[in-house]
Amino acid sequence: GYIKFKNAEATQKYVTPELMSKYDLVDNNLIFSDVNSYIDGLQKDLMTTIVWFGMFALILSVILIGILIAIATVFRISNQNRLNVEKFMGFSFIKMYQKPLAFLIAAIIIQLIVMLAIKSKFGLLIISLLSAVQLIIFFAYMSRNELKNILKNFKGW
């Protein structure tokens, strides 16, 4: 364990070879350091933990966004004709994509409820930011090349 001394004089008083040999500690090669280096080491360990946690959260976020894009692509491909007709007829974005949008919003609400249940402020922050990013990516990805897809489908390319 760690022993804390009030000052250098107390350290010199209690860390003598005679006292160490009394408790069979001479051969243990004890290392004594000041509190500042101990605290700096703890801060370094904490910073390393935070960096690793942040990298893990970032990797999971990228995976989550990749899954979102994959699901959106599957929906778009499987419903391409219906989506083209609805867009041509002037349906709104929300009307055209209400099922995947409802699924996405339901998933976001479930995540927020879980974070509220476990009382995680950091989790609420991350889920809120990630939810905003997911919605923006969903809207941008589904809106991308809509007119081009309609023309291609109606021309029969």
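# Helices and surfaces in a predicted model

Student: Where is the place of serine 131?
Tutor: The model is a predicted one. In it, serine 131 has its place in a helix that covers residues 121–143. That helix is α7.

Student: Is serine 131 buried or exposed, judging by relative accessibility?
Tutor: Buried means under 20% relative accessible area. Serine 131 has 6% relative accessibility, so this residue counts as buried.

Student: Leaving aside neighbours within four places in sequence, which residues is serine 131 in contact with?
Tutor: Neighbours within four places in sequence are set aside here. What remains for serine 131 is contact with Ile108 and Gln111.

Student: How many helices and strands are there in the protein chain?
Tutor: Read along the sequence, the pattern is α-α-α-α-α-α-α-α. The count for the protein chain is 8 helices and 0 strands.

Student: What radius of gyration does the protein chain have, against that of a compact globule of 157 residues?
Tutor: The C-alpha trace spans about 95 × 35 × 20 Å along its principal axes. A compact globule of 157 residues would have a radius of gyration near 15 Å. For the protein chain the value is 30 Å.

Student: What percentage of the 157 residues in the protein chain are buried?
Tutor: A residue is buried when its relative accessible area is under 20%. Of the 157 residues in the protein chain, the buried ones make up 21%.

Student: Which residues make the nonpolar surface patch, and which helix gives the largest share?
Tutor: The patch covers about 700 Å² and is made by Phe56, Ile59, Leu60, Ile63, Ile67, Ile71 and Phe103. One of these, isoleucine 71, is found in helix α3 and is partly exposed, with a relative accessible area of 43%. The largest share of the patch is 6 residues, and the helix they come from spans residues 35–78. That helix is α3.

Student: How many salt bridges are found in the whole structure, and how far apart are the closest N and O atoms of glutamate 86 and arginine 82?
Tutor: A search of the whole structure finds 1 salt bridge. Glutamate 86 forms a salt bridge with arginine 82. Their closest N and O atoms are apart by 2.8 Å.

Student: Why are glutamate 86 and arginine 82 separated by about one helical turn?
Tutor: An α-helix has 3.6 residues a turn, so residues three or four places apart point the same way. Glutamate 86 and arginine 82 are 4 residues apart in helix α4, which covers residues 80–88, so their separation is about one helical turn.

Student: Which exposed residues are carried by the face of α4 turned away from its buried side?
Tutor: In α4, the buried residues are Leu83, Asn84 and Glu86. Seen down the axis of α4, they fall within an arc of 165 degrees, so they line one face of the helix. The face turned away from that buried side carries the exposed residues Asn81 and Phe88.

Student: Within what arc do the buried residues of α8 fall?
Tutor: Glu146, Asn149 and Ile150 are buried in helix α8. They line one face of the helix because, seen down the axis of α8, they fall within an arc of 100 degrees.

Definitions and conventions
Residues numbered from 1 in each chain as written. Predicted model: local features only at pLDDT ≥ 70, side-chain atom pairs only at ≥ 80, totals over all residues. Heavy atoms only, no water. Patch = residues over 30% accessible without salt bridge, like charges linked within 9 Å, V, L, I, M, F, W, Y side chains within 5 Å. Areas by Shrake-Rupley, 256 points an atom, 1.4 Å probe, with all protein chains shown as cover. Salt bridge = Lys/Arg side-chain N within 4 Å of Asp/Glu carboxyl O. Helix = DSSP H or I, 4+ residues; strand = E, 2+ residues; numbered from the N terminus. Buried < 20%, exposed > 50% of the residue type's maximum accessible area, 1.4 Å probe, protein only. Rg over C-alpha atoms; globule rule 2.2 N^0.38 Å. Arc of directions from axis to C-beta. Contact = heavy atoms within 4.5 Å.
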